[in-house]
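Grab a pencil and keep the 3D view open while you read. Each exercise below gives you a task, and then a solution you can follow step by step.

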Amino acid sequence: MIESHISLLLVVIPLLAAPVTALLPGVRLPWLTALLVSWVCFALAIWQFALVMDGSVISYELGGWAPPWGIEYRIDIVNAFVALIVAGMAAITLPYALRSVEQEIPKHQIPLFYSMFLLCMDGLLGITLTGDIFNLFVFLEISSLSSYTLISMGRQRRALTAAYQYLIMGTIGATFLLIGIGLIYAETGTLNMADLSNRLPAVFSHHTVHTAFAFIVVGVALKLAMFPLHLWLPNAYTYAPSAITVFLAATATKVAVYVMLRVVFTVFSTGFTSDTPTDDMFLLLGVLGVLVASFYAIYQGDAKRLLAYSSVAQIGYILLGIGFASALGVTAAVVHIFNHALMKGALFMAVGALVYRIGSSHITQFSGVGRQMPWTFGALVLGGLSLIGVPGTAGFISKWYLVLAAIEQQAWLIAAVILVGSLLAVVYVWKMVEVLYFRPASDTGETYREAPLSLLVPTWLLVIANIYFGLNADLTVGAATTAVQVLGGIPQ
Amino acid sequence: MQFILDHYNYWIVIFLMMVGFYTVISRGNLIKKIAGLNMFQTSVFLLYISIGNVSGGTTPIIAEGFRAYSNPLPHVLILTAIVVGVATTALGLALVVRIREAYGSIEEEEIHKQDESF
Amino acid sequence: MKHDLILRVLAKLLIPVIVLFALYVQFHGDYGPGGGFQAGVIFSVAFIFYALVFGLDSAERVIPAGVLRVLASLGVLIYAGVGVITLFKGGNFLDYDVLSQNPVAGQHLGILVIELGVGITVSAVMLIIFFTFAGRGRD
């Protein structure tokens, strides 16, 4: 019975658990509930992934109404892969969250915090699983509203302005998406994405469809923090509670990238986008994103903000992959969605552990702490190597495919940009490493103990995953290759 | 001229949309921004509802003697979007209240100034 | 507040009517225009009106904040609970057909219970929003 309802359960279990969690007393009980739910979801996500790994499709009709009239959950390997990332990151962030949240958030807000966390995860899972584009908008707003709340729970008052800024920009993005959906609904009379991909080609020449496409792309681009629409991201990631930074950095923008892939390749297909400057736009903004955001990252004095800018740069790489619109390019994009979740998760966790002990994420405060907290420091270094793309780490795999895709299209300039981006990553990772390890400890004489195990274990799990998926890329590249065939419309 | 009159719903929607969007961009007052955002969203609601109208159609309730009904689906969609809008507004205003408690101001420039000096 | 005689009398007259109208909209949602969203908002309006006329404290005595939080969660649970029941009865999620012997009765029952859940949550959340904003800074 579970197998036939598996994709639905992934959405319903967190949805049921969220209001219950909000009512539970204390600190441990809400946390335990959220933890159990996330682990169950992770198990279900693995199961679901195994079911669609061969390229088959699961279709689930909500309320028994047949698509395209009813809402359909339509799971192929792309959804299952992204859902796996979301559930997996939630499952690994929650053990980390216990100590870090206890320190950062007032006690009476903690049940609400975990309730919001579950809702956010629920929204993100819903976005990936649904096959109905309006339903996607609703889930997008569920995840966004809960993430605004979560960000505003940060300790400093700037968390409030960061959340406000994100709310304004996020809502504009979501409303753009809504306009686009309305226009394609007016043109085709359907909201089911599979049905849309059948019906849209007949009206490709209409101006309404072009307008709708533009609105949807800009709306989603705001959500995925495409340069230059990334302005909300650095503040949001800097001032959010550490656990939330980890979770959002690893999942939220990735899910938005998934939406972009779906819209560009499945709903509209390359037959439409090749007549528009979409690919060139992605390439141009991807290049700019990689270069400008990496430069910004170098000049940041705050470790979390530095990593946030680096996230914008990484989104740039993913956009490059989408912009190539070739099998190799999209493979690289999909692989990088996964790998970037791993490396940014590990890095933000390591920085979160530093913040847990030091109480600040300013790099100047980190002087010499690396020698006092060797395990945290080690995780940061290895995560940083993966971010740079050193062979043997996950980051190398995605950059390798990206460079291959660039060479295939003889885009030498872009291949060079990818390399320059990696060099810039060396600079900003080194900036943290240098302060942490080679500067003398601050003269206040304060020494810091190693971070608690509940923070270290999840961090190192992600670090090990970074290395494992760097040495054995069968799963990620295999999944991405199948994903490219399933997405449709990509020249092989 | 007839073209303009025939598509009057779109002109209203575009006008409201631009007014709202411009308010969000240009105002420094956090509450005015949210008011602008609300207008922006509402214009989209109107877009959906007006395209659901079928010429000569009645309320979509089955009754004898009526053949053409307006399309109820956009209305249902917008019901959901309105709820989302309410939640967004409430959350936005709640944030403004807390920003005011933390900064003593709801003007963007003053808040920036306080953050800079800090 | 004591002098607002007209307001008080009018409120006492209007509030029952508003509540009644809310219930009408709520339970006619399966056949006519209506449903939980609208009914929930109308229902909460009655309480907000009461709070405006008789003061926040007496309104909070009528419906305490703790109760509202439970209600807000309860509505979601009713909604999702119906879905879970349909799962156990062998249908898809929210497939009301299986709720009763005949599908039409099942659809009626399903949508009524679902809308009840929606109505409870919407009115509770509306009141929570109102009380939170109105009560801010008092304590």
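## Exercise 1: A helix and its cover

In α19(A), the buried residues are Thr476(A), Val477(A), Ala479(A), Ala480(A), Thr482(A), Ala483(A), Val484(A), Val486(A) and Leu487(A). Before you start, a word on the ground rules: this is a predicted model, where local features need pLDDT of at least 70, side-chain atom pairs count only at pLDDT 80 or more, and totals for chains, interfaces and linings use all residues. Residues are numbered from 1 along each chain as its sequence is written, while chains are lettered from A and ligands numbered from 1 in the order in which they are written.

**Task.** Compare the reach of helix α19 of chain A with its expected span, then find what covers its buried residues.

**Solution.** 
- Step 1: Helices (H or I, at least four residues) and strands (E, at least two) are DSSP runs, numbered from the N terminus.
- Step 2: check the length. The expected span is 1.5 Å times one less than the number of residues. Helix α19(A), residues 474–487, has 14 residues, and its 19 Å from first to last C-alpha is close to the expected 20 Å.
- Step 3: look around. The cover over the buried residues of α19(A) includes α3 (77–104), α10 (242–273), α13 (327–358), α16 (394–408) and α18 (453–471) of chain A.
- Step 4: step off the end. Just after α19(A), Gly488(A) has a positive phi of about 85 degrees.

## Exercise 2: Into the core

**Task.** Which residues have the most contacts inside the largest nonpolar core?

**Solution.** 
- Step 1: define it. A nonpolar core is a set of buried Ala, Val, Leu, Ile, Met, Phe, Trp, Tyr and Cys residues joined through C-beta atoms within 7 Å.
- Step 2: pick them out. The largest such core has 276 residues, and Leu10(A), Phe81(A), Val86(A) and Ile151(A) have the most contacts inside it.
- Step 3: zoom in on one. Two residues are in contact if their C-beta atoms, placed from the backbone, lie within 7 Å. Leaving aside neighbours within four places in sequence, Phe81(A) is in contact with Phe49(A), Val334(A), Ala479(A) and Ala483(A).

## Exercise 3: Helix α6 and the A–B contact

**Task.** Why can α6(A) be called largely enclosed, and how many residues does α6(A) give to the side of chain A that touches chain B?

**Solution.** 
- Step 1: count the buried ones. In α6(A), 27 of the 31 residues are buried, so the helix is largely enclosed by the rest of the structure.
- Step 2: Ile184(A) is found in α6 of chain A and is buried, with 27 other C-beta atoms within 10 Å. Not counting residues up to four places away in sequence, Ile184(A) touches Leu196(A), Val209(A) and Ala212(A). Ala212(A) is 28 residues from Ile184(A) in sequence, but their C-alpha atoms are 6.1 Å apart.
- Step 3: turn to the interface. The contact takes 22 residues from chain A and 25 residues from chain B. On the chain A side, the largest share, 14 residues, comes from α6(A). By class, that side has 13 nonpolar, six polar and three charged residues (Ala, Val, Leu, Ile, Met, Phe, Trp, Tyr, Cys and Pro count as nonpolar, Asp, Glu, Lys and Arg as charged, and the others, Gly among them, as polar).

## Exercise 4: Chain C meets chain A

**Task.** Is Phe93(C) buried or exposed, and which residues does Phe93(C) touch?

**Solution.** 
- Step 1: survey the chain. Chain C has five helices and zero strands, and 38% of its 139 residues count as buried.
- Step 2: Phe93(C) lies in the loop between α4 (65–88) and α5 (103–135) of chain C.
- Step 3: decide. Phe93(C) is buried, because 22 other C-beta atoms lie within 10 Å.
- Step 4: list the partners. Not counting residues up to four places away in sequence, Phe93(C) touches His5(A), Leu8(A), Val12(A), Leu62(A), Gly83(C), Thr86(C) and Leu87(C).
- Step 5: widen the view. In total, 14 residues of chain C are in contact with 14 residues of chain A. The chain C side divides into seven nonpolar, four polar and three charged residues.

Terms used. A residue is buried if 20 or more other C-beta atoms lie within 10 Å of its own, exposed if 12 or fewer, and partly exposed in between; C-beta atoms are placed from the backbone.
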